[in-house]
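This report describes selected local features of one structure: a sheet, a pair of helices and a ligand site.

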Amino acid sequence: MDILNKDELLQMEDLCIQEQPPAAMAACPLRVECRTLCMAMKDGDFDVARAVYTKTVTLPHSLSYLCRMPCQEACLRKDLGGAIEMRGLEWAAMQYGKAMPSRLLRRKKSGKAAVIGSGPFGLTAAIELSKKGFSVSLFEADNKLGGSLLRADLPEEALEADIQLAVDQGVEFHLNETIENPKDLPDPFDAVVLATGEIIPGTDPFTLQSPVDGVFSGGGYDSLVETIAAGKRAANSVDRYVKRVSMTAGREKEMERGTTLFVETSYFDSLPSDMGPFPNQEEAIREASRCIDCQCMECAKACAFIAHYKRYPKLYLREIYNNLSIALGNHTSNTLINSCALCSQCEVVCPNGLDLGKAIQSARNRMVKTGKMPPTAFEFAVDDMRQANSEHSFFFRHEPETSSSRYLFFPGCQLGASAPDTVQKTYEWLTETLDGGVAFMHGCCGVMAKWAGEEELYEKTQNALKEAWEALGKPQIITACPTCHKTLLESIDGEIKDIWHILLEKGVPAIEKPLPLTMHDACGARYMDDTREAVRAILKNLGCEVHEPSYTQDRTPCCGYGGLVQFSNTEVAKELTEFCIRDIDETRLTYCMGCRDRFSKAGARTVHLLELIFEGEKEDRKAPGYSLRQDNREWLKRRMLSERWKETQQEVIRLKLTYDDDLGELLEERLILEEDVRKVITDSLESDCFIEEKKTGLRIAHKQIGNVTYWVYFTTEDEGYRVRRAYSHRMEIL
Ligand code: SF4
Ligand code: SF4
Ligand code: SF4
């Protein structure tokens, strides 16, 4: 997908139907915003409710007594205790709500119009034409205004109040004037609305334009609401006729009675109405509270990122497009673009399959290409990937004492960073269980670069991995991380299998104590039904009781690790994590180390399936920080090479650092690695460039590494250094 391709963008925008009207509103000939009205009344705001109602209803006093509620047939409350009694609520809005002071706009006069007949159709047309700037003369044969409304079951005051609206609009009345034929009108008019009930043969039922030039006619509608709607259409047509614009263009919605808005009603319990036809305020508020506030927002219910920005994908798409299109000025949506986990959950939960992540990935790619990606967003994460694929961590070998491999175990960069012992034990089990040689490759699949929008680096990483795999003779790859699995599938044209299927085929080693667990599927395993089923089958074999959360299987949300959100927007990342672990007190079972560590950092008990199998109870193990993760990878390489491949490893001597826990947390939060601190101290000592407070021995040094300048406050201690303070910024020190 290319977000800047307008056709693709429009196609995607069209998938989001959140702006479609609720079914009852669509079914109302006057399109009364029933949802907004109910929400206002629910809060006791009768003034707003009245304003909502009168916005579209020309004769609100009369209709609030007489509407037959065609909206009820469509109302989604219908099967959940009965449709909302809208007419009663509208009546309450008119009774208890104050009219907003009307601002009579003095419009430029549009022309002169005559209306013959003062029934609801004629009255409506007269008022609406007046609002559009016409001088309107209304001719009535009777000595009273109102036509059929005079015979309706309606208090006199209601009709009088609606007639007053016409008076307020400046409609000129001519009572006791019978006009048999528009031609008999005393003055010349630009257009005439015949509202006596007689329909001129050949009149278009929608535009109400008759074959007689400048004459419009209507009548005979079976309800007041349809009559008012027709009166409005007639006024609209007259306006177009006088302005000489198309009679029909852009008017499709005026007659539409349907909607494509999706509303999930299963969240609601049945609740019957207890409101009479003329409610008091409390009864009206109770009835309005039955409204289910028809909206889609399925994606926002499921994704904390979408919910965070309090809008919906159709608007986000437009915002992202605008953000990318401006050459200068503030790119205010950069944070939005960099806060999506790119996990595709939205595609599954959206009734129309809109994948906002796809658009956002395209936006990130574009930003990198055009140099608009702020380096603060993903630099740290991409550097971490580089470390995983550097000579310090990356390696691949055939199984010890073999020179060819049928399989290759690729655990990914997060498993080794968090649980190096588990990686080693898993590899040992694989080599003991599988025949034909199991090679080992330790590195990152490249997804970090992909998520960061660094397409070139992603391709380079894929190619390097491919070359290494080819050098091993193209063995079947065994993955332990669903994201690696998917990522490798994009570049490797050989067989790739996940470890869960191997465990199932070969028999899962028994565990000491089966645990009750709540499942958390990896978002990387979306669309990988086989993988998710294999994981569940393993847990069954292990004797674990597994519970499924409300969003599970391919509807599972991202833990906050995906899309590198934890680096670009810690707040949204935390909300994504919290969403996954909310209301659950049981140990979370994951099969992605990213998820496991996010949950652990948030204080939840959690275990990775490989840990559970090969290491037993590890649910309370704390997730390591960024520095330790890199150390673990390097340590894993050195240990495996020395223990399994018997290759001599050079001892690594590092500056010894100490700091208290609070500072440790700050370093983590500020994305400052121990290695960066070491570089600052070593450099300052070698160049003898630091500030020293003689009394305390506190030294202050700084160093620019890449785009970042680090400041470190330290003192000497035993054989190393105690770090007192550290921070970083992106300003260059000259
Ligand atoms: S799920 Fe979200 S993206 Fe899909 S239609 Fe509903 S609001 Fe729009
Ligand atoms: S009661 Fe009548 S005017 Fe009100 S929403 Fe329903 S159809 Fe429309
Ligand atoms: S975080 Fe996932 S579900 Fe949410 S918008 Fe991004 S891709 Fe969609």
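Two strands are taken to pair if DSSP finds at least two bridges between them. The model discussed here is predicted. On that criterion, five strands form an open sheet with mixed pairing, in the order β15-β19-β18-β17-β16. Its edge strands, β15 and β16, each pair on one side only. β17 and β18 are antiparallel partners, joined over seven bridges, and Ile700 stands opposite Tyr713 of β18. Helix α33 lies across β15, β17, β18 and β19, running at about 110° to β17.

The elements of this region have the following limits.

| Element | Residues |
|---|---|
| Strand β15 | 657–658 |
| Helix α33 | 674–687 |
| Strand β16 | 691–693 |
| Strand β17 | 698–705 |
| Strand β18 | 708–717 |
| Strand β19 | 720–729 |

The axes of α3 (residues 34–42) and α4 (residues 46–56) come within 7 Å and cross at roughly 165°. Angles over 145 degrees count as roughly antiparallel, and α3 and α4 are therefore roughly antiparallel to each other. Their crossing is left-handed. On the α3 side the contact involves Thr36, Leu37, Ala40 and Met41, which meet Phe46, Val48, Ala49, Val52 and Tyr53 of α4. By class, this contact has eight nonpolar residues, one polar and no charged.

The third feature is the ligand site. Residues surrounding ligand 2 include Cys28, Cys67 and Cys71, as well as Met86, Arg87 and Glu90. Helix α7 (residues 86–96) supplies the largest share of this shell, three residues. The shell divides into eight nonpolar, no polar and two charged residues.

Conventions: Residues are numbered from 1 along each chain as its sequence is written. Chains are lettered from A and ligands numbered from 1 in the order in which they are written. This is a predicted model: local features need pLDDT of at least 70, side-chain atom pairs count only at pLDDT 80 or more; totals for chains, interfaces and linings use all residues. Side-chain values use heavy atoms; hydrogens and water are left out. Axes are lines fitted to C-alpha atoms, for helices over the stretch in contact, and angles run from 0 to 180 degrees between N-to-C directions. Helices (H or I, at least four residues) and strands (E, at least two) are DSSP runs, numbered from the N terminus. Angles under 35 degrees count as roughly parallel, over 145 as roughly antiparallel, 65 to 115 as roughly perpendicular and the rest as oblique. A crossing is left-handed if the near helix is turned anticlockwise from the far one by less than a right angle, and right-handed if clockwise. Contact means heavy atoms within 4.5 Å. Ala, Val, Leu, Ile, Met, Phe, Trp, Tyr, Cys and Pro count as nonpolar, Asp, Glu, Lys and Arg as charged, and the others, Gly among them, as polar. A residue is near a molecule or strand if one of its heavy atoms lies within 4 Å of it.
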